[in-house]
Every structure is written in C-alpha cells, then in structure tokens.
Amino acid sequence: MNIKDPEILFSAILSFCCFYYLFLPSKIFVRMLDLDTKVHDESRQGEAFAPETTGTQTYTKKFYIESYGCAMNFNDSEIVASILGEEGYGPTRNAEEASLILLNTCSIREKAEQTVRKRLTEFRKIKQQTPGMLVGVLGCMAERIKGKLLEEEKLVDLVVGPDAYRSLPALIAEAGGGQKSVNVLLSREETYGDISPVRLDNNGVTSFVSIMRGCNNMCSFCVVPFTRGRERSRDAYSVVREAAELFTNGYREVTLLGQNVDSYYWTSDDGSETITFAMLLEKVALINPLLRVRFSTSHPKDITDEVLFIMMKYDNICNYIHLPVQSGSSRILQLMNRTYTREWYIKKVARIRELLPDCGLSTDIITGFCTETEEDHQETMTLMAQTRYDLAYMYFYSERPGTLAERRYTDDIPEDVKKRRLAEIVEQHRNIVQENMLLEVGKTFKVLVEGTSKRSEEQLFGRNDQNKVIVFPKENFKKGDYVMVKIESCTSGTLIGKAVV
C-alpha cells in the first residue's frame with residue numbers, strides 16, 4: 001500500500017479517529033443509525049465461530065472468534081478462519097482452550113461497545129490463567145478502541161482492520177514476542193478473492209458471498225468509505241467459483257454481498273473483459289437452476305434496468321430488493337448527499353414494480369436527521385404509505401464522529417422529538433406490513449426449507465422469493481428442499497401454510 005498517495009493516506013488517517021454504526025438488530029424497534037447494507041441477525045451477535053464440518057486433523061494451536069455485526073462481518077470471520085487454518089490454527093468454541101481469542105466487530109454504539117469491553121475483560125481473566133494466550137480485536141471498530149484497550153486498559157494484544165487480515169500471521173508472531181501489534185491501514189486492492197472461506201456452522205442451506213469491499217458514496221451520515229476504504233470489485237470468476245462450490249456442497253441459496261452491489265464493476269487484468277453487476281448476477285444464476293440467488297445492498301441511484309431484466313429472465317434470482325431511501329424529504333436527502341430526490345426514488349420503485357410486479361421491497365429509514373422539520377417527517381410518512389415496504393429498518397439519527405454530517409451540520413433535533421417521530425414511522429410500517437401479509441393468504445409460494453421452526457419440532461420454516469418467512473407442517477420434507485406451500489393464515493411477521501402437491 002502506497003501511503004504517499006494522499007487519497008489513501010487521508011482515508012487511513014480519518015479511519016483512526018472515527019467509527020460507524022453498522023447493521024443493527026433486524027427488529028422493528030431499532031433506535032439508532034444504519035448504513036446502506038445488509039442488516040444483521042440479532043440472534044447471532046457474539047456467536048462463536050465453528051466450522052460447517054469438523055475434520056479429523058488435530059491442532060496444537062486453537063483460535064476462538066466471536067463475531068458482531070452484519071453478514072459481511074460474519075463472512076470476514078470465515079476468511080480469517082481460512083488464513084489462520086493455513087498457519088496451523090484450529091477453531092474452538094471454548095475460549096478457555098484457545099491460544100488466540102479474537103472479537104470481530106463492525107458496529108459500535110454505546111451498548112455494543114460496553115458489550116465488547118465486558119467480553120474483553122472476561123477474556124483478560126482467562127488470559128491470566130493461560131500463559132501465552134493472545135487477545136485481539138478485528139474489524140472496523142478496531143482503530144477506535146486502539147488507544148484505550150491496547151495502551152491504557154491493556155485489554156488486547158493486537159488490533160487488525162478489515163483490510164489487514166492477511167497480515168494476521170505476522171501480527172500474531174509479533175504479539176507473541178511481547179510487542180503490541182496494529183494494522184488498520186486501508187487498501188485499494190484487497191478483496192480476499194483468492195481465499196476460500198471456512199464456512200460457519202449455519203443452516204447448511206443459505207450462505208453469503210462477498211463480491212466487493214468498500215464504498216465510494218459519500219453519504220453525509222456515513223463513514224464507511226473511510227473505515228472500509230474505496231470500492232473495489234472482486235474477480236468475477238472467483239465469485240462464480242465460490243458460489244458453485246457452495247452449491248456442490250449442498251447449499252441452495254447464496255446472497256451476493258457488497259456495500260453497494262449495483263456499482264460492482266470488474267475488469268480483467270489485460271483489459272479484455274469487463275463485467276457489470278447484472279452480468280455477474282447472470283453468471284451466478286446460471287450455475288444451476290436449483291441455486292437461489294439474492295443480493296444486498298442496492299443504492300437507488302445505481303440499480304439499473306439491466307439488473308431488473310436479468311431478474312425477470314431467471315426464476316432462481318429472487319424477486320426481492322433492499323432499496324434504502326433514508327428519508328422521504330428531498331431537502332433532507334440533499335443534506336444526506338443521497339444524490340436523488342423523493343420524486344426520483346418513487347419513479348425508481350414504480351419501474352421496479354412495472355417490471356417485477358411481485359417484487360418484495362425493503363428499506364432503511366433515518367428519522368430526526370439534522371434540521372428535519374415536521375413537514376420533512378410527514379414526507380417520509382407519505383412516501384412509506386405510497387411504497388408500502390414489506391420490511392423496513394427504522395432508526396433515529398445519532399451523530400457519528402468523523403462523518404461529513406458531524407463536520408457540516410448541527411445535530412439539532414431533540415431526542416424526544418426523534419423518538420416520537422420514530423414511533424410514528426414504526427406504527428405506520430407495522431400497519432402496512434400487516435396489510436401486506438393478509439394479501440398473501442390464499443396464495444401458493446415456492447419455499448426453500450431452511451430448518452425446523454423454533455416454536456415446534458413438527459413445523460419447518462423457509463422463505464419465499466419475496467423473502468417472507470413461511471412456516472408449514474414438516475411431513476416428509478427436509479432442509480434444502482423446495483416445497484410449494486399454500487398460505488392459510490398469517491401473523492405480522494410470518495406466513496403460515498400447508499404443503500401442496
């Protein structure tokens with residue numbers, strides 16, 4: 001990495017002094033800021049890494065990773081596991097038997113930071129009883145906590161940013177020699193495209209494939225371009241190869257991940273071939289008709305008709321788009337530097353529904369952004385009423401250090417006003433979702449079975465094309481099966497039905 005390059009140097013320096021709130025709980029009542037990307041599964045926060053399959057190899061060194069944040073961060077843990085495996089480390093879910101403990105996190109809010117601090121304190125107690133054990137922090141919050149946790153409180157031995165995982169072996173060796181190790185430099189090239197992730201022990205049916213890293217958008221509330229670096233697209237053929245391997249290993253759904261997947265743009269080294277996101281989407285869809293394909297996240301300004309036509313062409317590309325709007329007010333959107341207006345966004349939604357009438361649509365909404373008026377708030381409410389999202393991640397604005405908004409604007413909306421506006425948005429969305437779900441009763445959907453329902457061993461659950469959860473009697477079906485299910489009833493978040501021939 002050329003640190004003389006002023007653009008890279010600026011990004012690296014800025015990442016030293018800021019962090020961002022990323023991928024908060026996938027529940028309706030979420031109160032803080034989310035960025036344009038895949039929202040995380042709250043039930044998995046702090047989950048310890050374990051491989052999908054356990055080999056017969058024995059290891060003298062073991063590592064323990066807890067992951068926090070979004071699907072992209074869990075995917076990063078899989079990459080880290082692969083790198084450590086090459087160095088002779090085996091995974092464990094028992095921190096006390098590990099020689100290396102890592103916390104991988106890309107989200108920081110006050111509560112989340114307290115959780116991480118508590119966990120690191122607990123790990124320090126284990127370390128005191130285990131000579132030679134090392135404790136480290138990975139991911140986007142690494143630089144923020146470096147000063148306090150590495151130097152003042154002495155809770156960790158190494159701090160590694162999201163573009164520096166290849167340097168882990170050297171950093172571990174350095175830390176093992178008694179020297180604190182840090183690498184949080186950003187990269188313009190790193191995609192980890194040549195590394196085969198060690199898959200997490202998940203449901204064995206659905207998985208994620210990262211297609212790009214970083215972001216070039218400069219939304220004023222967001223610091224991702226500085227903490228994860230500039231956009232760079234992964235080699236298209238490595239993406240297809242990874243997705244094909246997943247299918248061969250029994251997976252039946254992949255989600256292509258990126259901060260802004262629609263800006264994916266890969267050119268071969270000799271310049272003879274260029275692949276856009278629509279072209280990549282088609283290549284993955286062609287792996288096998290039984291492989292479902294999803295993607296996240298789309299910036300409204302970048303999703304094209306070409307992508308929509310590819311979605312129309314292939315039945316195994318799911319009719320579901322996460323299209324963050326953030327606000328229904330053109331004035332606020334301009335302050336957020338979202339590069340579109342309310343009217344333009346509404347036309348984009350209309351185009352999606354013109355070409356894909358049954359397409360599921362979800363979004364992110366931030367209320368209480370700087371200078372937001374009651375009129376601005378009502379514009380968000382009316383936009384929601386018009387677009388009728390199937391799912392929304394709703395937050396009140398919380399100023400993040402290092403963002404353009406922090407430098408340019410005053411966070412001038414009282415918290416009680418933010419909370420009141422959020423409650424109104426949540427209530428409206430709840431009513432819309434209930435109405436949307438009732439419209440599905442009587443319809444029949446193709447469901448990919450992901451596992452047994454949490455409420456009953458006699459029920460299976462899966463999702464349809466539109467990403468709606470469907471529960472139905474188990475009978476003789478199993479994980480990975482495609483089942484036609486007729487919907488008989490619903491709750492506010494689940495469709496309930498019965499398999500049909």
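This is a predicted model: local features need pLDDT of at least 70, side-chain atom pairs count only at pLDDT 80 or more; totals for chains, interfaces and linings use all residues.
Student: Which residue in β21 is the bridge partner of K446?

Tutor: Strand β18 is also joined to strand β21, residues 482–490, by five bridges, and these two strands run antiparallel. The bridge partner of K446 in β21 is M484.

Student: What is the order of the three strands in the open sheet that contains β8?

Tutor: The edge strands are β8 and β14, the latter spanning 292–296, and each of them pairs on one side only. Strand β8 pairs with β11, residues 253–257, in the parallel sense over five bridges, and T206 stands opposite E253 in β11. The twist averages 25 degrees from one strand to the next, and the order of the three strands is β8-β11-β14.

Student: What angle does the direction of helix α8 make with that of β14?

Tutor: Helix α8, residues 277–285, packs on the sheet and touches both β11 and β14. The angle between the direction of α8 and that of β14 is about 155 degrees.

Student: Is S207 buried or exposed?

Tutor: S207 lies in strand β8, residues 206–210, and, leaving aside neighbours within four places in sequence, S207 is in contact with R199, N202, L246, Y251, E253, V254 and T255. Its relative accessible area is 3%, and because buried means under 20%, S207 counts as buried.

Student: How many residues apart are E253 and R292, whose side chains meet in a salt bridge?

Tutor: The salt bridge between E253 and R292 has an N to O distance of 3.9 Å, and both residues are buried. Together with R294, E450 and R463, they are linked in a network of salt bridges. The pair links distant parts of the chain, with E253 in strand β11 and R292 in strand β14, and their separation is 39 residues.

Student: In which helix do R430 and E427 both lie?

Tutor: The side chains of R430 and E427 meet in a salt bridge, at 3.9 Å from N to O, and both are partly exposed, R430 at 32% relative accessibility and E427 at 41%. An α-helix has 3.6 residues a turn, so residues three or four places apart point the same way. R430 and E427 are three residues apart, about one turn of the helix, and the helix in question, residues 415–438, is α14.

Student: How many of the 16 residues of α2 are buried?

Tutor: Helix α2, residues 71–86, reaches 23 Å from its first C-alpha to its last, close to the 22 Å expected at 1.5 Å a residue. Just after α2, G88 takes a positive phi of about 90 degrees. The helix is mostly covered, and the number of its residues that are buried is 14.

Methods. Residues are numbered from 1 along each chain as its sequence is written. Side-chain values use heavy atoms; hydrogens and water are left out. Helices (H or I, at least four residues) and strands (E, at least two) are DSSP runs, numbered from the N terminus. Buried means under 20% relative accessible area, exposed over 50%, partly exposed in between (1.4 Å probe, protein chains only). Contact means heavy atoms within 4.5 Å. Two strands pair if DSSP finds at least two bridges between them. Axes are lines fitted to C-alpha atoms, for helices over the stretch in contact, and angles run from 0 to 180 degrees between N-to-C directions. The expected span of a helix is 1.5 Å times one less than its number of residues. A salt bridge is a side-chain nitrogen of Lys or Arg within 4 Å of a carboxyl oxygen of Asp or Glu.
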